[in-house]
Amino acid sequence: MKELQTGFPKGFLWGGATAANQIEGAYNEGGKGMSTSDYAAYKDPYATGKVDNFTFNVTSKELAEYKENEANYLFPKRWGIDFYHRYEEDIALFAEMGFKTFRLSISWARIFPTGLEAEPNEEGLAFYDKVFDTCAKYGIEPLVTMSHYEMPIALTEKYNGWASRELIPLFDKYARVLFNRYKSKVTYWITFNEMNMNLNSLYTGAGILEDLIDPEKKLEVTYQASHHQFLASALAVKAAREIMPEAKVGCMINQIESYALTTKPEDQLQALKSNQLNMFYPDVQARGEYPSYMARYFADNNIHVAMEEGDEEILKAGKVDYVAISYYMSHVTEAREDASELAGSFDSPIKNEHLELSQWDWPIDPIGLRISLMKLYDRYEIPLFVCENGLGAKDELTEDGKIHDEYRIDYIRKHVEQMKEAIKDGVDLMGYTTWGCIDLISCGTSQMSKRYGFIYVDQDDKGQGSLTRYRKDSFNWYKEVIASNGEVL
Ligand code: BG6
């Protein structure tokens, strides 16, 4: 029997997480091609009266309009927080907090501007070399996501993104270039960010313009695109094993635990099914095959996923080393017509009266993190990584350059406490990278004012500001947490 583990293990990977399209900026520098995220236009949430005004989906008409009349729109993911030019200062600040790891993603369009070139863009590769070398200077291990909610827009225009099987060899080429180039600098990899979010946004998750597909076939396309990504991910695992046998490659989902609204067996059954729809993703990637429960779901929903000979073998050979999750909230579900559609969605119509909400109406549930970790570990018995967790909140910069964000400290403290409990419950947890360790552009709303960081960045939603970095109160608090390996909270 495994020994009781109290406290965080030695070598626990504390740090913070980001994504290229939310921090880098420099969208048209260094030979980078345009990405899907470069066309997420800002829609002023205050003008529309909605706090959560998702800029997740883009239609073919919108894309054409954005291209034609660019000057009429704001595209915050094009400017990010200028990490492209300020990475040295930012990584130095992470080092000051004592980060052991820094999660970032590589922009596919920086390496292959359209995804179709035979040779990679050297300037793009050289940029990440500099970033990894800076991390190495401080003893920070990079944790690299290969595809975090963006891809060359050319692949959307030519193939309608992951709806097409043609993307698999293109991703394989990209993966092999990354592994060959960075094998001595990067040990920890994640293939796709939150693959289960395909259920919510085909554009953000899979580069698909939804209006170009038959609405009746939306679910089928969703699972077909996911199948293509599963294969691409499994082939990347295979390539990693060949090129850099020491590397650890993980999959990732947005873990939203669904609780049943009542003790009615029908509601309990629905909660189980909703959780299955999310866990389907790591089920395939960690077990190397489609779980049996999906056969009925596919039949009931008239979904036919086209598979080719050899696909099953690829999935089997491409099992991941660990399962990474982002965790922000839990959900409540009940037996109702649209229950399956809500699985994995950020937006749940049923409120949990026991939980407080963030300023963006996200339910705050630290115990849900412990439940999630215990369930996932029971299911796969391979290491887990919490690679995103945090509180999006409005911060106030005081006149003397301070940010008193005790609400963020409180949020993270409670989640760290629950991770510690989960470790005691037997979970093998590799690390914790809080989301948006430095303020960045929100993925869902493209806002700057939804801040997650320990480091404040002086910039507003419209891209105005000095971009000066300030340490928030949480900065010093997290430094202590890391220095004490999670003992001082
Ligand atoms: C995760 C994404 O789903 O949630 C991140 O991987 C994202 O990219 C994070 O930023 C928080 O969401 P939001 O919409 O508040 O930025």
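At what angle do α11 and helix α12 (residues 265-287) pack, and how far apart are their axes? In this predicted model, the two helices pack at an angle of about 30°, and their axes lie 10 Å apart. Because angles under 35 degrees count as roughly parallel, α11 and α12 are roughly parallel to each other.

**Helix packing**

- The crossing of α11 and α12 is right-handed.
- Helix α11, which spans residues 218-243, also packs with helix α9 (residues 167-182), at an angle of about 30° and with 9 Å between the axes.
- That angle makes α9 roughly parallel to α11, and the crossing of α9 and α11 is right-handed.

**Residues around the ligand**

- There are 15 residues around the ligand, and those that come nearest are Gln22, Glu194, Cys443, Lys450 and Tyr452.
- Sorted by class, the shell around the ligand consists of seven nonpolar, five polar and three charged residues.

**Polar contacts and burial**

- Glutamine 22 places a polar side-chain atom 2.8 Å from an oxygen atom of the ligand, and glutamate 388 likewise has a polar side-chain atom 2.8 Å from a ligand oxygen atom.
- For tryptophan 435, an N or O atom of the side chain is 3.1 Å from an oxygen atom of the ligand.
- The ligand taken alone exposes 380 Å², of which the protein buries 99%.

Notes
Residues numbered from 1 in each chain as written. Predicted model: local features only at pLDDT ≥ 70, side-chain atom pairs only at ≥ 80, totals over all residues. Heavy atoms only, no water. Near = heavy atom within 4 Å. Polar contact = N/O pair within 3.5 Å; in protein donor to acceptor, adjacent residues only side chain to side chain. Areas by Shrake-Rupley, 256 points an atom, 1.4 Å probe, with all protein chains shown as cover. Nonpolar A, V, L, I, M, F, W, Y, C, P; charged D, E, K, R; others polar. Axes fitted to C-alpha atoms, helices over the stretch in contact; angles between N-to-C directions. Helix = DSSP H or I, 4+ residues; strand = E, 2+ residues; numbered from the N terminus. Parallel < 35°, antiparallel > 145°, perpendicular 65-115°, else oblique. Left-handed = near helix turned anticlockwise from the far one by under 90°.
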